[in-house]
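Okay, thanks for coming, everyone. Have a look at it first.

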Amino acid sequence: MSNFWDLILLMLSTFVMVAYLFVLFQIVVDMFRDPDLGGGSKVLWLVGLIFLPGLTAIVYIVARGRGMAERQRASMQRAKSDTDAYIRQVAGKSPAEQITDAKALLDAGTISQDEFAKLKAKALA
């Protein structure tokens, strides 16, 4: 029966350690993401996380938790807008823009009416 409780204790302590590491990494990332926090303050927080890790993590979350959430939200929003812009860039022009460009080529005499019809059909497909 002793082995069973040792296993439970091992699983619980592993869970607590992994959870703490997630919190620790989130705190360190947040510190370096915050432009308002000075270099000296960052050093003090890091020293605190090294020598009094649990207490410093709790104090940091209580003192700067709201700012952490706002910076995380802003970072996610920035990443989403960058991704959307990249997708729009790669996706190319809309069908209406393609037809407008083809019409301009037709009006300039660069392409024939048949070629314009083919480009229009391709854009609408």
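**Charges, helices and a few contacts**

So, charges: the chain carries 14 positive and 12 negative side chains, and the centres of those two sets sit 2 Å apart. For that count, Lys and Arg are positive, Asp and Glu are negative, and His and the chain ends are not counted. The place of a charge is NZ of Lys, CZ of Arg, CG of Asp or CD of Glu.

Quick housekeeping. This is a predicted model, where local features need pLDDT of at least 70 and side-chain atom pairs count only at pLDDT 80 or more, while totals for chains, interfaces and linings use all residues. Residues are numbered from 1 along each chain as its sequence is written, and side-chain values use heavy atoms, with hydrogens and water left out.

Now the overall picture. We have 5 helices and 0 strands, so to speak in DSSP terms: helices are H or I runs of at least four residues, strands are E runs of at least two, and numbering goes from the N terminus. Read from that end, the order is α-α-α-α-α. The radius of gyration is 29 Å, well over the 14 Å that the globule rule gives for 125 residues, so the chain is more spread out than a compact globule. That radius is taken over C-alpha atoms, and the rule is 2.2 Å times the number of residues to the power 0.38. Along the principal axes, the C-alpha atoms fill a box of roughly 85 × 50 × 20 Å.

What share of the 125 residues counts as buried? It's 18%, where buried means under 20% relative accessible area, exposed means over 50%, and partly exposed is in between, with a 1.4 Å probe and protein chains only. The accessible surface comes to about 9,600 Å², and 68% of that belongs to carbon and sulfur atoms. Those areas are Shrake-Rupley values with a 1.4 Å probe, and for residues only the protein chains shown count as cover. As for contacts (heavy atoms within 4.5 Å), take the ones between residues at least 6 apart in sequence: 44% of them join residues at least 24 apart.

Back to the charges, then. How many salt bridges are there in the whole structure? The search finds 5, a salt bridge being a side-chain nitrogen of Lys or Arg within 4 Å of a carboxyl oxygen of Asp or Glu.

Start with Asp30 and Arg71, whose closest N and O atoms are 2.7 Å apart. Asp30 is in helix H1 (residues 2–33) and Arg71 is in helix H3 (residues 53–91), so this pair ties together parts that are 41 residues apart in sequence. And are these two buried or exposed? Both Asp30 and Arg71 are buried.

Then comes helix H4 (residues 95–108), where Asp107 and Lys103 lie 4 residues apart, about one turn of the helix. Their salt bridge is 3.4 Å, N to O. Asp107 counts as exposed at 58% relative accessibility, whereas Lys103 is partly exposed at 39%.

Arg64 lies in helix H3 and is buried at 18% relative accessibility. Leaving aside neighbours within four places in sequence, Arg64 is in contact with Asp30, Asp34, Leu37, Trp45 and Arg71.

Not counting residues up to four places away in sequence, Thr56 touches Trp45, Gly48 and Leu49.

Over in helix H1, look at Arg33, partly exposed at 25%. Its C-alpha is 8.9 Å from that of Gln72, 39 residues away along the chain. With neighbours within four places left out, Arg33 is in contact with Gln26, Arg71, Gln72 and Ser75.

Last stop: Asp36, in the loop between H1 and helix H2 (39–51), exposed at 73% relative accessibility. From Asp36 to Gly109 is 73 residues in sequence and 59 Å in space, C-alpha to C-alpha.
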